[in-house]
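This report is written for a reader new to the structure.

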Amino acid sequence: MNLADELAAAADRLEASGISEPRREASSLIANAIGRDRVFLVAHPEYILTEREAVAVDEFISRRSAREPFQYIVGRQEFYALDFLVNPSVLIPRPETELLVERAIDHLRKIEEPRFCEIGVGSGCISISVLSNVPNATAVAADISEAALAVAAANAQRHNVIDRLELIRSDLFDGLPRGPYHAILSNPPYIPSNEIAGLQPEVRDFEPVNALTDGSSGIEILRRIIHGTPERLIEGGLLMLEIGAGQFEIVDRIFDRSIWRSVDVILDLQQIPRTVIAIKK
């Protein structure tokens, strides 16, 4: 088939699988599969795919029809204007997490030699985005998953910050240098375990479950991070956490006001309390 026919057939397959924007996704998947851009598809509808290209297109469309996330199929995701490698070992970076990155950059740019720590580095999108925008910063980042650390290392190398990012396998703070740090950042597993079954299949069936939930209420790892942070922060240092919908009131009560000067929350674009920022006394 030519490109026009391939695109029509692929869009039909995706629509039948419940993909909400089947033609747009079909176009992007085909372009990635054949190593072209979407402009090529528009400009050359008569182009006949080679046998190898046709096989690649069929594989990509089949995977997406099974509801595998687009980002895992093409192997990357843009975040904070950078291109990150992703695979099923790490969460797909999401726009709401850019709120945390933006505030971290604003804070660390005011410091002469900023040093921060990230708990649960995943793809590295948070630490690497901050380091890319604060060239005098250094960081330590931890994850319990060796596979996730490998992805983070590849992304750090890709964006030329590997010499300023120390990656350590660790369960939260275990085994990490004690600092002190100017900021501690985390997008931890915060989805309650009883909500996992109701998530979209792209998330429920493909993203790493240990990065989605603590296996309990969704609060337990947040609680451990909050309790473990004060001794590792300098005076005036920031703890920045991403949280889930409806969690702020519970999270707010965990903070000991004898330790923390303030605890605030930033709303995301859906007006959901999403990023907690606490300042140590």
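P180 sits in the loop that lies between strand 5 (165-169) and strand 6 (181-186). The peptide bond leading from G179 into P180 is cis, and its omega is near 10°. The model described here is predicted.

## Two residues with positive phi

Y80 is not a glycine, yet its phi is positive, at about 50°. Y80 belongs to the loop between strand 1 (76-79) and strand 2 (82-85). Its relative accessibility is 23%, so Y80 counts as partly exposed; the class covers values between the 20% limit for buried and the 50% limit for exposed.

Q271 is another residue other than glycine with a positive phi, here near 65°. The loop between strand 8 (260-267) and strand 9 (273-280) holds Q271. Q271 counts as exposed because its relative accessibility is 55%, and exposed means over 50%.

## Cysteines

The structure has zero disulfides. C117 takes part in none, and the nearest cysteine sulfur to it, that of C125, is 15 Å away. A disulfide would need the two sulfur atoms to be within 2.5 Å.

With a relative accessibility of 0%, C117 counts as buried. C125 is likewise in no disulfide, its nearest cysteine sulfur being that of C117 at 15 Å. C125 has a relative accessibility of 9% and therefore counts as buried, since the limit is under 20%.

## The chain as a whole

Twelve helices and nine strands are present in the chain. Its C-alpha atoms fill a box of roughly 70 × 40 × 30 Å along the principal axes. For 281 residues, a compact globule would have a radius of gyration near 19 Å, and the chain agrees with this at 21 Å.

Of the contacts between residues at least 6 apart in sequence, 64% join residues that are at least 24 apart.

## Surface and charge

Of the 281 residues in the chain, 52% are buried. The accessible surface is about 13,100 Å², and carbon and sulfur atoms account for 50% of this area.

The chain carries 29 positive and 42 negative charges. The mean position of the positive charges and that of the negative charges are 4 Å apart.

Notes: Residues numbered from 1 in each chain as written. Predicted model: local features only at pLDDT ≥ 70, side-chain atom pairs only at ≥ 80, totals over all residues. Heavy atoms only, no water. Helix = DSSP H or I, 4+ residues; strand = E, 2+ residues; numbered from the N terminus. Rg over C-alpha atoms; globule rule 2.2 N^0.38 Å. Buried < 20%, exposed > 50% of the residue type's maximum accessible area, 1.4 Å probe, protein only. Contact = heavy atoms within 4.5 Å. Areas by Shrake-Rupley, 256 points an atom, 1.4 Å probe, with all protein chains shown as cover. Lys, Arg positive; Asp, Glu negative; His and termini not counted. Charge placed at Lys NZ, Arg CZ, Asp CG, Glu CD.
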